[in-house]
Amino acid sequence: MQYDLDFARTVIEDEAKAVGSLARIIDGSFEKAVDLMCNCTGSVIVSGMGKAGIIGNKISATLASTGTPSHFLHPAEGIHGDLGRVQANDVVLALSHSGESEEIVRIIEPLKQREIKLISITGNPKSSLAKHSDVVLAMGKQVEACPLGIAPSVSTTCMLALGDALAFTIMKAREFSTEDYARFHPGGAIGANLITVGQSMMFKPGEKLPLAQTSDTIDDMFKRLEGVKRRGAVMVVNDKGQLAGIITDADLRRAMAKFDGELFAKGCTEIMTPDCKRVTAETLAAEAMAIFHKYRIDELPVVDENDRPIGLIDVQDIVAIKIAR
């Protein structure tokens, strides 16, 4: 069997060209659609039939994962009771290339009766859907790339691109951060790699930290550690509370072998590792893991903007959330 690879290239080129042409509709209507969705106090309800519905599901998922509450509503189920899922403070985003899909057209009147705002993505600005929408994103009639010119392809690719443009414009306006994204993606590689040190370290704000003063002896240090949860290191701070060094279990073992019975009288500064590696609460846990591997260490102090310890992260804290580098 012979396969027409030139035709396959044409499909990709046609879809890319159509997506590129959408830049012309990023105008006042697009801005109004963004404003309605960004200021929606409920959810953005996305609806579409057939292949447009599959794209709608993806757009809804993208919105939800980037800070805009969203749900998908199947229009056929909608006219059989699921319109009850749509609340007065919601906004509906409806997708239909023709703008005349029966199931989509049939949900318009119930939405208008309840004065629910309707945004449409359609190829026909004169369609029933467009005429009854508060905002119309008219991408123009798209010629499908399939050999018969029938199967949704170019049109659905354009819908997806417009949906991404809407979601990411709102995301940017809200200053949605990697930390926010990680909260919505706690599982999988994406979420794991976006979790911060502050989210993964065992010590929480207000907890007693394993700290010692530069003026302390090892005996003083152990007395200070009463009531502190067991960790594998002690952070040594100067008289300003700034990190001066760290004493790990390995440091103590080496010092015990060296000083024997005199160890407890030795000063912390004689035992500690000065100028140790450190991270902030905003450092990605993946970055911390890279430091653990590079320097072959197990503990990292977590400091604030003034270099004062606010926590301690152990390599096992990150292993527990399955960060891998």
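1. Leu 118 counts as buried (under 20% relative accessible area, against over 50% for exposed and partly exposed in between, with a 1.4 Å probe and protein chains only), because its relative accessibility is 1%. This residue is found in strand 4; strands (E, at least two residues) and helices (H or I, at least four) are DSSP runs numbered from the N terminus.

2. The model is predicted: local features need pLDDT of at least 70, side-chain atom pairs count only at pLDDT 80 or more, and totals for chains, interfaces and linings use all residues. Residues are numbered from 1 along each chain as its sequence is written, and side-chain values use heavy atoms, with hydrogens and water left out.

3. Which residues surround Leu 118, leaving aside its neighbours within four places in sequence? Its contacts (heavy atoms within 4.5 Å) are Val 92, Ala 94, Ile 108, Leu 111, Lys 112, Leu 129, His 132, Ser 133, Asp 134 and Val 135. Ser 133 lies 15 residues from Leu 118 in sequence, with a C-alpha to C-alpha separation of 5.1 Å.

4. Helix 5 (residues 102-113) has Ile 104, Ile 107, Ile 108 and Leu 111 as its buried residues. They are on the same side of helix 5, because they cover an arc of only 130 degrees around the axis, the arc being that of the directions from the helix axis to the C-beta atoms. Their cover includes strand 1 (44-48), helix 4 (75-78), strand 3 (91-96), strand 4 (117-122) and helix 6 (128-131). Glu 102, Glu 109 and Gln 113 are exposed on the other side of helix 5. After helix 5 comes Glu 115, with a positive phi near 60 degrees.

5. Helix 14 (residues 285-295) buries Ala 285, Ala 286, Ala 288, Met 289 and Phe 292. These buried residues fall within an arc of 155 degrees seen down the axis of helix 14, so they line one face of the helix. Arg 296 follows helix 14 and has a positive phi, near 55 degrees.

6. The axes of helix 2 (residues 28-38) and helix 7 (residues 154-173) come within 10 Å and cross at roughly 55 degrees. The crossing of helix 2 and helix 7 is right-handed, meaning that the near helix is turned clockwise from the far one by less than a right angle. Helix 2 contributes Phe 30, Ala 33, Val 34, Met 37 and Cys 38 to the contact, and helix 7 contributes Leu 162, Ala 165, Leu 166, Thr 169 and Ile 170.

How values were computed. Axes are lines fitted to C-alpha atoms, for helices over the stretch in contact, and angles run from 0 to 180 degrees between N-to-C directions.
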